[in-house]
Amino acid sequence: MRATVDFAPLFRSSIGFDRMLNALDLVNRIPTVDNWPPYDILKTGEDDYRIDMAVAGLAENDLTITQERNTLVVTGRKAPEPQDAIEYLHRGIAGREFECRFALAEHMKVTDARFENGLLSITLRREIPEALKPRRIAITSSTTPAGQVVPQIEAQKEAA
C-alpha cells in the first residue's frame, strides 16, 4: 500500500510549481499494473538522459515511439503470426503488446532512438530555449539619470 503525501504546504509557499506538484500527486494515484517490458532510466550528462527497454521477441517494426507534449509513449504491438506456421512446445519469450508512458519535464526532446539486439535505447535531451535561460539584470538607482551608463565594479578596480 502506498502512503499519500499532502502537498498543501508546498502550494502555500511556492509559486509556479503547481504543474509539478499536480503531476507528483497524479503519479501517486495511478496504480502500477504491469512492469513489462523491463527498462532502465539513465542520466548520461547534465541535460542528457537515456531510456533502455528490453523488448525481446519484438522487431523494430513492432515498436512505435511518440512524444505528445510532455509525455513520451512507447508502444509495442507484434504482428500476428499465422496459426499454421509454428507449434510452440514452450513459450518463454514475452512478445505481448505493451504501452509505456513517461512524463517528461518541460523542454525535453527525443534526440535519438536505436534498436539493437532486443534493446530499445531512447536518448533524450533538455533543450532550454535561449529566452528562458538565466540572464543578468542591470540594477539602476533613482539617482542615476535614465540612459546614463553605471560604471561596473571591474572598471572601478582598475582605477584604484
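Predicted model: local features only at pLDDT ≥ 70, side-chain atom pairs only at ≥ 80, totals over all residues.
Me: Thanks. Which strand is D52 in?
Reply: D52 sits in β2, the strand that covers residues 48-54.

Me: And which side chain does the D52 side chain make a polar contact with?
Reply: That would be the side chain of S121, and the polar contact is 2.7 Å.

Me: Nice. What else is D52 in contact with, leaving aside neighbours within four places in sequence?
Reply: Besides S121, the contacts of D52 are P38, Y39, D40 and L42, together with L119 and L120.

Me: Switching topic to backbone angles. What is phi of H107?
Reply: For H107, phi is near 70 degrees, which is a positive value in a residue other than glycine.

Me: Where is H107 found?
Reply: You'll find H107 in the loop between β5 (98-103) and β6 (108-116).

Me: Now N117, please. What is its phi?
Reply: N117 has a phi of about 55 degrees, positive although the residue is not a glycine.

Me: Which loop does N117 lie in?
Reply: N117 is in the loop between β6 and β7, with β7 being residues 119-126.

Me: Last one: is N117 buried or exposed?
Reply: N117 is exposed, because its relative accessible area is 76% and exposed means over 50%.

Terms used. Residues numbered from 1 in each chain as written. Heavy atoms only, no water. Helix = DSSP H or I, 4+ residues; strand = E, 2+ residues; numbered from the N terminus. Buried < 20%, exposed > 50% of the residue type's maximum accessible area, 1.4 Å probe, protein only. Polar contact = N/O pair within 3.5 Å; in protein donor to acceptor, adjacent residues only side chain to side chain. Contact = heavy atoms within 4.5 Å.
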